[in-house]
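Welcome! Here are a few exercises to work through with the structure open beside you. Try each task before reading its solution.

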Amino acid sequence: MPNPKEHLLALDQGTSSSRAIVFHASGRIVSLAQREFRQNFPQPGFVEHDAEEIWSTQFAVAQEALAKAGLTASDIAAIGITNQRETTVLWNRRTGTPLHNAIVWQDRRTEPLCAELRARPGFAQTVRERTGLVVDPYFSGTKLRWLLDHVSGAREAAERGELAFGTIDSWLLWKLTGGGVHATDVSNASRTMLFDVRRNVWSDQLLEALAIPRSLLPRVLPSSAAYGQTALFGAAIPIAGIAGDQQAALFGQACFTPGMAKNTYGTGCFMLMNSGSEFRVSPAGLITTAAAQTDATPQYAIEGSVFIGGAVVQWLRDGLQAIRASTEVQALAESVPDSGGVMFVPAFTGLGAPYWNADARGAIVGLSRGSTVAHIARAALESIAFQSAALLSAMATDGHVPSELRVDGGASVNDLLMQFQADLLGIPVVRPAVTETTALGAAYLAGLAVGVYGGLDELARQWRAERRFEPTLPRERAQQQMALWARAVRQATAA
């Protein structure tokens with residue numbers, strides 16, 4: 001039965017800020033609110049967030065977005081949640097209090113444990129075949145194991161069934177429902193290194209291997225489903241959509257057909273290609289992940305993850321102090337015709353796909369006496385495109401070549417970067433009219449569950465392009481540029 005309500009509320013909990021967006025059913029943004037929160041770096045390789053601060057900022061921006069839109073809870077058909085993936089929270093079921101700061105997806109503290117796991121005969125292959133992932137600190141499972149091993153009393157409390165584990169979506173859902181619902185969706189579950197994506201169940205074998213009690217785990221539902229209700233905004237609103245940020249963006253970009261691909265330019269960069277209902281393991285360093293699902297039928301995506309994307313611009317601002325605001329980077333980069341031979345490999349937290357090198361560190365190579373901060377800024381911006389081009393190259397090695405790349409995320413508004421991306425890829429880069437596709441995907445998933453939308457065809461018809469960047473660089477020149485990038489990566493990863 002069609003839902004007469006015309007508005008959806010998306011909670012978009014990201015790595016550096018909490019945002020809330022009210023969408024009209026047409027996909028139009030009605031209002032947006034955003035608040036940054038603290039990034040904690042207790043020691044090198046450690047990245048943490050205060051889970052309570054995440055909740056307080058997320059709740060505040062949701063209230064603000066409703067107020068800006070001039071709407072009340074009674075006007076909202078449903079809430080959709082999308083979130084930074086892999087970030088791990090462990091809390092007490094009775095008090096709702098986290099036992100430790102959330103361990104962020106960028107955190108590398110569990111590399112020694114991962115090295116130990118990779119050394120176990122057959123374990124890495126089992127992980128690949130069951131989860132589609134590689135054994136890496138990026139994923140939630142070893143983060144949870146670290147908390148159980150290092151937080152005083154945590155393992156004993158977990159064994160007694162007193163604790164709950166969740167990625168950020170589960171934490172927000174728990175808070176929104178007053179502790180009434182402990183659940184997650186398949187896309188977030190697939191990022192834990194504990195979930196069998198072929199069968200859509202938690203893997204007893206992997207739980208045993210990581211010594212993680214099953215009682216900690218949330219219930220797993222499709223991404224579009226009736227999760228529960230919240231009354232915190234003055235009237236009951238269904239919570240009906242949940243997806244990890246990158247799967248939500250793939251959905252919001254209307255990439256519903258196998259072979260369609262998107263790249264999100266956020267703190268990191270994440271390229272996903274819809275691979276339909278077929279599970280395939282990539283031989284080229286990419287991972288297979290669960291896509292957002294509208295029912296119980298498994299759906300997959302091939303994914304490549306870049307750990308440092310837009311974060312390199314933040315480093316130019318806060319670390320190098322080359323710019324005062326992130327918005328200044330394009331003008332600084334455009335003040336020189338090219339990077340002057342400078343290559344910037346922003347491996348601040350190692351390199352993700354397709355390299356999977358946890359020991360790599362940032363490097364700026366090719367400096368000369370004539371190099372300026374403008375050349376470094378341009379090289380930093382171009383590094384985002386180079387890393388993403390390496391992902392598409394890996395997809396091509398796997399036999400996947402999209403006809404175009406749909407783009408979104410904060411850095412996608414940078415025309416210089418998008419044109420350079422198209423030049424390196426050799427295919428059109430298409431920016432949608434609504435670039436808030438992560439939040440839009442969450443809204444769409446929620447809207448489908450409560451009858452705002454009739455199906456995927458209706459959503460596909462709503463997608464509109466704002467600008468199309470056609471490649472202009474000769475392929476030989478693009479290949480030369482990629483060869484220079486590959487050489488810079490080798491320098492960054494040299495022992």
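**Exercise 1.** Leaving aside its neighbours within four places in sequence, which residues is Glu 382 in contact with?

*Before you start.* This is a predicted model, in which local features need pLDDT of at least 70, side-chain atom pairs count only at pLDDT 80 or more, and totals for chains, interfaces and linings use all residues. Residues are numbered from 1 along each chain as its sequence is written, and side-chain values use heavy atoms, with hydrogens and water left out.

*Solution.* Step one: find Glu 382 in helix H12, residues 373-397. Helices (H or I, at least four residues) and strands (E, at least two) are DSSP runs, numbered from the N terminus. Step two: look for contacts, meaning heavy atoms within 4.5 Å. Beyond those sequence neighbours, Glu 382 touches Ser 339 and Phe 420. Step three: check accessibility. Glu 382 counts as buried because its relative accessibility is 9%; buried means under 20% relative accessible area, exposed over 50% and partly exposed in between (1.4 Å probe, protein chains only).

**Exercise 2.** Find the buried residues of helix H3 and what they pack against.

*Solution.* Step one: go to residues 123-131, where Phe 123, Thr 126, Val 127, Arg 128 and Thr 131 are buried. Step two: recall that an α-helix has 3.6 residues a turn, so residues three or four places apart point the same way. Step three: list the partners of these buried residues, which are helix H2 (111-119), strand E10 (195-196), helix H8 (204-209) and strand E17 (287-290).

**Exercise 3.** How many disulfides does the structure hold?

*Solution.* Step one: look for pairs of cysteine sulfur atoms within 2.5 Å, the cut-off for a disulfide. The structure holds 0. Step two: take Cys 269 as an example; its nearest cysteine sulfur, that of Cys 255, is 16 Å away. Step three: note that Cys 269 is buried, with a relative accessible area of 0%.

**Exercise 4.** Describe the lining of the largest pocket.

*Solution.* Step one: a pocket is an open set of points on a 1 Å grid over the protein atoms alone, where a 1.4 Å probe fits, with protein on both sides within 12 Å along at least five of seven lines; lining residues have an atom within 4 Å of a point. Step two: count 42 lining residues, with Tyr 265, Gly 266, Thr 267, Gly 410 and Ala 411 nearest the centre. Step three: find H10, which gives the largest share, 4 residues.
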